[in-house]
Amino acid sequence: MRFWGRSRSLRSLWNSVWNSVWHLFWVSLMAMPYVSYVGLLGMVAVTARLWRRFRRAGLDRFTGGGLLLLSGLLLLSAVFAYDRGEALLQLANFLPYFLFFAILPYLLNRVERLAQIALGLVLVAIPINLISLVEYIIKIPRMPVWWRHFPLFRWIRSAPHKGRAMVMFEHPNAMGSFLVLVMALGLGLILYRLALDRAVVPHSLPDSAESVWSNHQPDAQNAGAEALQSVPLRLISGATLLNLLGIFCSGSRNALLLAVLQLLCFALMVARSSWKTVAAALGGLVVLIGGAAVIGIGGRSLDLSTWADDPRVKLWGAAVQMIGGHPWLGWGLGNYKLVYPQYLTPDLMALSDFQDISHAHNLWLTLAVEAGIPAMLLLTLLVGRICARGVRQFLSQNFQAPERGILFGYLLGFFSSVGFALFDVPLYDSRVNVLNWVLLAGIFSFAAKRSAHSSPLP
């Protein structure tokens with residue numbers, strides 16, 4: 001220590017600590033799709049170290065106070081729940097993630113880190129999409145009989161959700177939701193790279209107390225941008241569009257619709273700058289829609305009459321009735337699956353579509369049923385406020401084109417998650433839940449303009 005000197009040693013220690021936290025976060029996030037429990041342990045360690053360092057949330061008072069109030073409402077709902085034990089257990093899907101989100105702005109306050117997250121997830125999803133194709137082929141109903149005698153094929157075909165791939169996810173819809181989020185990040189990353197390739201990266205960002213990205217570390221920012229530029233754009237584009245394959249094989253109609261909307265939004269963004277990129281996006285759109293129209297999606301028909309008879313309609317009706325019974329604190333988290341049979345007729349409960357239902361297949365109805373209307377409205381207000389501020393920043397001229405590309409990807413991904421939540425509740429899958437909070441924290445970092453109020457990171 002004497003050899004280096006006190007100031008140099010302290011700075012080296014500081015850099016080492018922060019670099020290790022960032023690396024641990026990045027590696028844990030990339031590992032989650034394959035080994036979710038290992039990734040969760042890493043996220044717990046990252047959360048603990050950040051709280052130990054800062055000892056306060058990285059949120060504004062309104063958002064931080066709102067999360068505290070929401071936590072209190074969820075706890076109160078659990079105390080008076082229909083099944084208290086189940087409600088207390090289900091708090092694990094909310095309270096730890098609130099802590100995780102509250103501290104993330106200190107770590108995700110630089111644009112190249114958000115870009116590195118997007119790039120890592122796009123590349124990590126490549127094996128998932130390829131494996132989903134293999135699983136889809138093995139589950140084809142017209143598979144040759146002699147194939148079915150192989151133990152591995154027989155085991156894969158015996159899995160639930162016949163004809164639909166789910167790889168290592170617990171449900172095909174969870175995989176579809178995850179891939180939709182990754183695809184949105186990839187589309188934003190393409191915009192980021194196109195903008196970097198068209199312009200010379202400045203040595204430092206504009207010196208502004210309101211700038212989201214701290215200009216105390218211009219060399220690190222330039223190094224991050226140069227590293228991302230070294231990845232071929234064709235690789236990023238191909239890996240991004242490959243998610244269409246996994247979405248198709250998952251058989252998730254929600255994910256299919258959201259993927260179509262994402263590609264249309266992306267085409268509008270780059271319509272004047274790169275006709276090749278637009279052609280690739282529209283080509284992927286044509287292949288996806290054409291394949292779905294001809295052979296269905298993941299073994300499921302796209303007949304609109306089947307959508308009208310979807311069991312969700314009956315489940316939504318049951319949820320509305322349940323809300324009327326306990327509008328303020330709800331029935332307790334996780335209690336929908338215990339109570340909904342009381343609100344359906346015996347003939348409906350005799351059908352397989354209405355058995356073993358764990359939620360109302362709509363996030364807002366599920367929250368209103370289980371936590372009460374006030375908790376549902378408060379969460380909607382907090383998240384909606386962050387998203388609205390993010391959209392305002394995107395429409396403003398506060399950021400350069402590369403940064404707007406990353407913000408576009410994070411906004412598109414989170415709005416896709418909101419769209420998915422209209423017809424399903426994927427938050428019970430930890431991989432999707434973590435990624436949703438990471439996306440929201442990224443949007444918050446843009447929207448809150450926190451560099452003047454948070455410690456600069458190396």
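Author: Axes are lines fitted to C-alpha atoms, and angles run from 0 to 180 degrees between N-to-C directions. Keep that in mind here. This is a predicted model.

Reader: At what angle do helix α3 and helix α5 pack?

Author: About 170°. Helix α3 covers residues 61-79, helix α5 covers residues 95-103, and their axes are 11 Å apart. Angles over 145 degrees count as roughly antiparallel. So α3 is roughly antiparallel to α5.

Reader: Which residues of α3 and α5 meet?

Author: From α3 come T63, L67, L70, S71, L74 and L75. They meet L95, F98 and F101 in α5. By class, this contact has seven nonpolar residues, two polar and no charged ones.

Reader: How many salt bridges does a search of the whole structure find?

Author: Side chains of opposite charge can pair when their charged atoms come close. The search finds six salt bridges. One of them joins R385 and D60, with the closest N and O atoms 3.4 Å apart. R385 lies in helix α19, and D60 in the loop between α2 and α3, so the pair ties together parts 325 residues apart in sequence.

Reader: Which residues form a nonpolar patch on the surface?

Author: Y34, V35 and V38 do, with about 250 Å² of accessible area together. V38 sits in helix α2, residues 36-54.

Terms used: Residues are numbered from 1 along each chain as its sequence is written. This is a predicted model: local features need pLDDT of at least 70, side-chain atom pairs count only at pLDDT 80 or more; totals for chains, interfaces and linings use all residues. Side-chain values use heavy atoms; hydrogens and water are left out. Patches are made of residues with over 30% relative accessible area and no salt bridge: like charges are joined within 9 Å, nonpolar side chains (Val, Leu, Ile, Met, Phe, Trp, Tyr) within 5 Å. Accessible areas come from the Shrake-Rupley method with a 1.4 Å probe; for residues, only the protein chains shown count as cover. A salt bridge is a side-chain nitrogen of Lys or Arg within 4 Å of a carboxyl oxygen of Asp or Glu. Helices (H or I, at least four residues) and strands (E, at least two) are DSSP runs, numbered from the N terminus. Angles under 35 degrees count as roughly parallel, over 145 as roughly antiparallel, 65 to 115 as roughly perpendicular and the rest as oblique. Contact means heavy atoms within 4.5 Å. Ala, Val, Leu, Ile, Met, Phe, Trp, Tyr, Cys and Pro count as nonpolar, Asp, Glu, Lys and Arg as charged, and the others, Gly among them, as polar.
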